[in-house]
Amino acid sequence: MMGEMYIAEATDERIRERGEHGGVVTALLKFALESGMVDAVLAVKKRNGNRYDGVPSLITEPEEVLECAGVLHCAPVNVARCVKEYLDGAKGVRLAVVCKPCDARAMIELAKREQINLANVIMIGVNCTGTLAPSVARKMLVEEFGVDPEDVVREDIDDGKLIITLGDGSTREKDLKELEERGYGRRENCRRCEVSVPRMADLACGKWGVPEGRRATFVEVCSERGGELLRRAAEAGVIRVEAPSKEAIDERERKEREALERSKEWQERYFGELKEMSSEERRRYWFDYFDRCIKCFGCRDACPICYCKECYLEAWRGFIRGGEVPPERAFPLIRLAHVADSCVNCGQCQDACPAEIPLSRLYQAVNKELQRVFKYVPGMSVEERPPLTVITEEELRNDDPLLFLRAEM
């Protein structure tokens, strides 16, 4: 079934009403619990009905899954870190996890480091063209849309537009690029993201390709385990599935392609500026940002990839002196050296930084160069090993210690 595609919808009317696109993800999570395929579900709930405050929730009661229905664009939750830190890497519990592409990629990178047991995890991936920082979203809704944020019941990003739906059913939309030019819209890392369809998960679910006016979900099967969940749910009558038309598949591909083109535009803007600088100008650019650092450890603690039991950045290790603010510049550079090869551009480090240092921009800029040299894209396949953990036959035969500096595309 891998690679097969379907248009699907939940059969339970309650789930269809709560879900924005046919309730398929909610129905699959509920069925996974009811059927015993998993012990628990990790999904995001609104805190006290607030759509700008999402809380990762571990659910063991099938009916409780309905509380997680609907899309929360303004709740960029750190899903992979929740699994690693608070659920012992799923080593003793079988989980179904709802994840954006960056969440799924982070879990794959952690699995390679034996921090997460993916054999116990069903990743239900959802398409993503970006999330919004809650505080920025609230300000944007007031200043750009002229609405009370509490009146908004839904947001949507489609065809370069940000569309909001109010409680009375009316909608308003604005050009996303224009909003982002003025400092609103998506988080910076989301603007640069190249992966909008989570094919590294077990299932990739989204609205792209669904016929206009229909509330349903386009589902792509990405693993045998994902196919089994979809098949069993369909056989149990929990969801209805049908084959998509060629036009639907083509439309999905078009939207995915356009999302990638928009991300390339933002990458050119952010990284093009850096490439035009001299080495000295780049050094000064980043060191000026590093001098803002207050050594709060927020970036380290938020990063889903960081996993060392004894962190090199702690003063007692002797690499970084204690009691100094800003810390010596080795502090951010050590973090860069540790995570750059496996950065999945989730942006959690930058979100956590009170000094507003564009950390994810730095990590992704270096990661793009590492991708060019090593032909390795982090988080796309659990079988593909990180570049510094393997040695190729060509490298073994080469005596040049600076081979990696001379590598070409």
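Trainee: In which helix does valine 136 lie?

Mentor: In this predicted model, valine 136 belongs to helix 5, residues 134–143.

Trainee: Why is valine 136 called partly exposed?

Mentor: Its relative accessibility is 28%. Buried requires under 20% and exposed requires over 50%, so valine 136 with its 28% counts as partly exposed.

Trainee: What does valine 136 touch beyond its neighbours within four places in sequence?

Mentor: Valine 136 is in contact with Gly183, Tyr184 and Gly185.

Trainee: What makes arginine 252 buried?

Mentor: Arginine 252 has a relative accessibility of 3%. The cut-off for buried is under 20%, therefore arginine 252 at 3% counts as buried. Arginine 252 sits in helix 9, residues 246–275. Its contacts, leaving aside neighbours within four places in sequence, include Trp208, Phe218 and Glu220.

Trainee: Where is glutamate 220, and why does it count as buried?

Mentor: Glutamate 220 is in strand 10, residues 217–221. Its relative accessibility is 8%, and buried means under 20%, so glutamate 220 counts as buried. Residues up to four places away in sequence not counted, glutamate 220 touches Arg252, Arg199 and Met5, among others.

Trainee: How do you know that the side chains of glutamate 220 and arginine 199 make a polar contact?

Mentor: The distance for this side-chain pair is 3.1 Å. The limit is 3.5 Å between N or O atoms, one able to donate a hydrogen and the other to accept it. The pair of glutamate 220 and arginine 199 is listed as a polar contact at 3.1 Å.

Trainee: What makes strand 6 and strand 8 edge strands?

Mentor: The open sheet has three strands in the order 6-7-8, with antiparallel pairing. Strand 6 (152–158) and strand 8 (171–175) each pair on one side only. Neighbouring strands of the sheet are turned by 20° against each other on average, direction ignored.

Trainee: How do you know that strand 6 and strand 7 pair?

Mentor: Pairing needs at least two bridges, and strand 6 and strand 7 (residues 161–166) have six, in the antiparallel sense. Isoleucine 157 stands opposite leucine 162, and arginine 154 has threonine 165 as its bridge partner. In the hairpin of these strands, with two residues between them, aspartate 159 takes a positive phi near 50°.

Trainee: Why is strand 6 described as mostly covered?

Mentor: Five of the seven residues of strand 6 are buried.

Trainee: Why are cysteine 311 and cysteine 346 called buried?

Mentor: Cysteine 311 has a relative accessible area of 16%, and cysteine 346 has a relative accessibility of 11%. The cut-off is under 20%, so both count as buried.

Trainee: Which residues of helix 12 are buried, and what do they pack against?

Mentor: In helix 12 (residues 330–339), the buried residues are Phe331, Pro332, Ile334, Arg335, Leu336 and Val339. They pack against helix 10, helix 11, helix 13 and helix 14.

Technical notes
Residues are numbered from 1 along each chain as its sequence is written. This is a predicted model: local features need pLDDT of at least 70, side-chain atom pairs count only at pLDDT 80 or more; totals for chains, interfaces and linings use all residues. Side-chain values use heavy atoms; hydrogens and water are left out. Buried means under 20% relative accessible area, exposed over 50%, partly exposed in between (1.4 Å probe, protein chains only). Helices (H or I, at least four residues) and strands (E, at least two) are DSSP runs, numbered from the N terminus. Contact means heavy atoms within 4.5 Å. Axes are lines fitted to C-alpha atoms, for helices over the stretch in contact, and angles run from 0 to 180 degrees between N-to-C directions.
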